[in-house]
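Biologist: I would like to learn how to read a fold and a ligand site from a model. Could you walk me through one?

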Amino acid sequence: MSLLRRRRSTEFIPAADRYPVEPLAGALLEVTDIRTHFETSRGLVRAVDGVSFSLERGKTLGIVGESGSGKSVLSRSVMGLLPKNGVVRSGSIRFEGRDTSQLAPDDQRKLWGTQMSMVFQDPMTSLNPVMKIGNQITEPLLYHLDISKSFARETAVSLLSSVGIPEPERRMKQYPHEMSGGMRQRVMIAIAIACGPKLLFADEPTTALDVTVQAQILDLLQAQQRERFMAMILVTHDLGVVAGRTDEIAVMYAGKIVEKAPTRTLFSQMRMPYTEALMHSIPKLSNPSHTRLNVIPGRPPDLVSPPKGCNFSPRCPYVQDKCRKEEPPLVRAEAAGHEYACWFPAGTPQGRAALERNVVAGAMSGVTAETVRVGTTPIGGGIKSGTTTTAPSTEGST
Amino acid sequence: MAGSGTAHLRDPADTLLRVENLVVEFSAGRNRKVHAVSDVSFDVMEGETLGLVGESGCGKSTTGRAVMQLPHPTSGKVEFEGVDLASLSGEELRRTRTRLQMIFQDPISSLNPRRRVRDLVAEGLNIWNIGDDASRDAKVREVLDAVGIDPDAAGPRRPHEFSGGQCQRISIARAVVTDPRLIICDEPVSALDVSVQAQIINLLEDMKARYGLTMIFIAHDLAVVKNISDRVAVMYLGKLCEVGNPEEIYAAPAHPYTAALLSAIPVPDPLVRPREIPGVGGEIPSPLAPPSGCRFRTRCPRATEVCAEQEPIMREVQPNHFVACHFPIAPA
Ligand SMILES: Nc1ncnc2c1ncn2[C@@H]1O[C@H](COP(=O)(O)OP(=O)(O)OP(=O)(O)O)[C@@H](O)[C@H]1O
Ligand SMILES: Nc1ncnc2c1ncn2[C@@H]1O[C@H](COP(=O)(O)OP(=O)(O)O)[C@@H](O)[C@H]1O
Ligand code: SF4
Ligand code: SF4
Ligand SMILES: [Mg+2]
Ligand SMILES: [Mg+2]
């Protein structure tokens with residue numbers, strides 16, 4: 001059993017009191033039509049291209065998608081972590097009803113320092129290697145909250161123990177390299193929750209960890225979230241990770257949300273062929289050995305010159321002429337809160353008819369999805385970096 | 001020691017590769033040693049795929065490299081095609097490598113960035129002077145084509161112009177070009193997106209059928225390993241825990257570590273609550289000072305004093321299902 005299960009945390013949760021809070025009903029976070037484009041030598045990289053969603057207090061939103069689909073850029077856009085230069089952005093981000101771009105710089109700092117915080121994939125690069133763990137936790141506390149040094153220390157110790165770190169007093173004096181990957185991620189979580197945020201971003205928080213440790217860290221995030229009534233955005237490429245641990249899931253493809261639904265609805269009634277293809281390409285434990293996997297041919301589009309019409313059309317088994325000409329808008333499905341962007345949605349009569357037409361046409365031309373050749377065009381994605389692609393020296397490739 | 005024994009080995013006459021009591025230790029200075037692989041035995045039959053699974057640092061790659069004699073193991077025997085590889089001279093050993101190939105995890109950095117795809121793939125043929133120019137060229141085209149890379153378009157280009165999935169295809173072409181009998185794939189899909197991972201897994205299955213390959217498939221993802229393997233070996237901290245056929249092991253894991261691994265896998269189905277079965281706490285201990293007795297005992301929910309004192313030895317619990325544990329989980 002993880003320590004977390006045994007230890008109930010009783011520690012003080014600091015209120016980030018100086019940030020002007022409006023006791024509002026309604027969504028905690030409201031993102032409307034945000035676009036984040038990067039200027040590069042190859043042209044404009046449309047990393048995030050018109051994304052809208054909202055998140056209620058205490059809820060968890062999962063964001064899934066292949067490498068390079070824009071998950072991290074989306075998180076960074078909301079977190080105010082974009083580079084200063086070479087970025088073109090638009091759209092609005094409202095937190096507790098207030099437009100974050102309209103806040104005074106001081107309030108912005110307060111917002112990003114205390115109200116929203118982030119856990120990254122690689123704790124080693126986000127922790128300071130030459131600073132003791134203890135100081136790394138007390139620093140933001142002292143900066144953002146009006147508390148004494150000794151109280152900050154006490155708080156840090158109790159935070160460490162609440163994230164399941166044994167002997168927290170001793171660990172306070174250690175450096176990151178003296179800890180395992182799982183321990184470091186626990187420290188990152190302690191830092192992220194230190195100022196009592198209302199929203200926690202977790203960008204691939206367990207991708208670098210082993211499966212047994214991954215389960216521990218996901219449990220920890222969930223427990224902390226419940227205890228503190230935080231909203232959480234869990235970014236991952238692993239549909240397994242989001243399936244059991246989110247209220248809602250947004251699927252991203254080429255900088256856009258292509259399907260969004262309450263978690264159970266998404267898995268039982270997926271409409272977007274991309275979501276379906278992603279699901280089907282995962283090897284399942286319940287399948288017998290040597291089960292042929294369904295593949296998505298090709299790879300995600302180049303975000304500098306995305307295809308005309310639907311971004312998924314070059315890879316989609318349902319594709320029709322219309323898809324190559326007109327971009328499908330995000331529309332509501334029957335189920336509450338379910339939206340998707342597709343002209344011939346899976347699981348509908350139109351979708352079935354489209355798929356059938358393609359199967360017949362494919363049989364005639366001898367082309368099946370799997371025989372589509374790769375290697376004739378220069379690169380796109382493919383590597384599951386799970387890391388945050390910041391400065392793409394390789395020109396838009398991920 | 002923890003988790004040794006050879007009860008799971010089959011008749012040497014039937015196996016292409018037989019590894020007995022493999023030990024690999026690295027010096028870590030000040031008289032300390034990394035016990036990376038400690039008395040591991042396994043075998044692979046012709047045409048079989050053995051899946052080697054375990055968490056990072058448990059010794060999977062070291063085992064794979066020790067089979068290749070990269071470097072020579074500290075002790076133990078590696079018999080390939082009935083020949084003890086340790087007995088071979090440097091030249092003979094290098095020659096063996098045309099029949100015993102390895103594919104690595106990081107597809108891009110494992111290819112020399114300065115060389116063209118065509119030359120990278122032809123390397124094995126050129127080193128051993130296999131065939132004449134024309135037949136070599138034809139062979140390179142054939143294998144590139146087989147892995148789904150257009151030889152004309154891709155041949156003159158260099159690795160950095162390709163995606164991770166494409167580089168992995170090129171590595172596979174490179175490995176099969178010398179007509180090997182056994183390929184050791186060390187986490188060949190771990191760095192890839194799920195969609196590309198599926199493409200590469202299917203490709204490896206095709207290559208196996210087409211070139212009559214035998215494979216050792218190393219991975220940390222149990223679902224991936226199950227999908228591709230005929231036999232699975234679960235590894236923990238330099239030791240084997242459990243060996244058997246994948247259906248049986250996954251349906252009824254007998255070793256507490258296998259059970260913990262299986263319960264920790266996130267299932268892509270929201271109706272399955274995560275962690276219904278209790279997982280394990282803690283993390284893998286340091287291989288500098290592995291626990292006495294059973295190496296899993298510090299995290300094992302079933303551990304007793306016996307586990308600290310005596311190393312469990314591999315034994316058969318069901319036909320063709322072997323486990324190294326004093327208190328294996330009985331099938332339900
Ligand atoms: N600073 C930047 N300048 C230019 N392009 C960028 C920059 N940061 C990211 N990009 C590009 O934006 C796209 C989306 O990247 P992002 O990091 O959000 O992907 P991701 O979905 O998080 O992928 P992964 O799963 O690999 O983490 C990529 O094409 C990437 O190369
Ligand atoms: N060249 C080396 N020198 C010292 N220690 C090593 C070396 N190679 C591997 N190790 C150690 O041996 C153990 C097993 O490593 P490895 O075989 O790479 O594990 P896996 O492939 O299962 O992740 C680890 O503790 C690792 O740090
Ligand atoms: S709009 Fe057309 S191409 Fe796009 S996902 Fe739907 S069917 Fe496929
Ligand atoms: S029961 Fe004992 S021997 Fe078996 S895995 Fe646990 S610690 Fe090892
Ligand atoms: Mg990312
Ligand atoms: Mg390895």
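Biologist: What share of the contacts in chain B between residues at least 6 apart in sequence join residues at least 24 apart?

Modeller: In this predicted model, 67% of those contacts in chain B link residues at least 24 apart.

Biologist: And how many helices and strands does chain B have?

Modeller: Chain B has eleven helices and twelve strands. Its radius of gyration is 21 Å, close to the 20 Å from the globule rule for 332 residues, so chain B is as compact as a globular protein of that length. The C-alpha trace spans about 65 × 50 × 45 Å along its principal axes.

Biologist: How much of chain B is buried?

Modeller: Buried here means under 20% relative accessible area, and 58% of the 332 residues of chain B count as such. The accessible surface of chain B is about 12600 Å², with 50% of that belonging to carbon and sulfur atoms.

Biologist: Now the ligand. Which residues come nearest to ligand 2?

Modeller: Of 13 residues around ligand 2, the nearest are Gly57(B), Gly59(B), Lys60(B), Ser61(B) and Thr62(B). By class, that shell has five nonpolar, five polar and three charged residues.

Biologist: Which atoms of Gly57(B) and Thr62(B) lie by the oxygen atoms of ligand 2?

Modeller: For Gly57(B), a backbone N or O atom is 2.7 Å from a ligand 2 oxygen. For Thr62(B), a side-chain N or O atom lies 2.4 Å from an oxygen atom of ligand 2. The protein covers 65% of the 560 Å² of accessible area that ligand 2 has on its own.

Biologist: Which element gives the most to the shell?

Modeller: That is α1(B), with four residues.

Conventions: Residues are numbered from 1 along each chain as its sequence is written. Chains are lettered from A and ligands numbered from 1 in the order in which they are written. This is a predicted model: local features need pLDDT of at least 70, side-chain atom pairs count only at pLDDT 80 or more; totals for chains, interfaces and linings use all residues. Side-chain values use heavy atoms; hydrogens and water are left out. A residue is near a molecule or strand if one of its heavy atoms lies within 4 Å of it. A polar contact is a pair of N or O atoms within 3.5 Å; within protein, one must be able to donate a hydrogen and the other to accept it, and residues adjacent in sequence count only if both atoms are side-chain atoms. Accessible areas come from the Shrake-Rupley method with a 1.4 Å probe; for residues, only the protein chains shown count as cover. Helices (H or I, at least four residues) and strands (E, at least two) are DSSP runs, numbered from the N terminus. Ala, Val, Leu, Ile, Met, Phe, Trp, Tyr, Cys and Pro count as nonpolar, Asp, Glu, Lys and Arg as charged, and the others, Gly among them, as polar. The radius of gyration is taken over C-alpha atoms; the globule rule is 2.2 Å times the number of residues to the power 0.38. Buried means under 20% relative accessible area, exposed over 50%, partly exposed in between (1.4 Å probe, protein chains only). Contact means heavy atoms within 4.5 Å.
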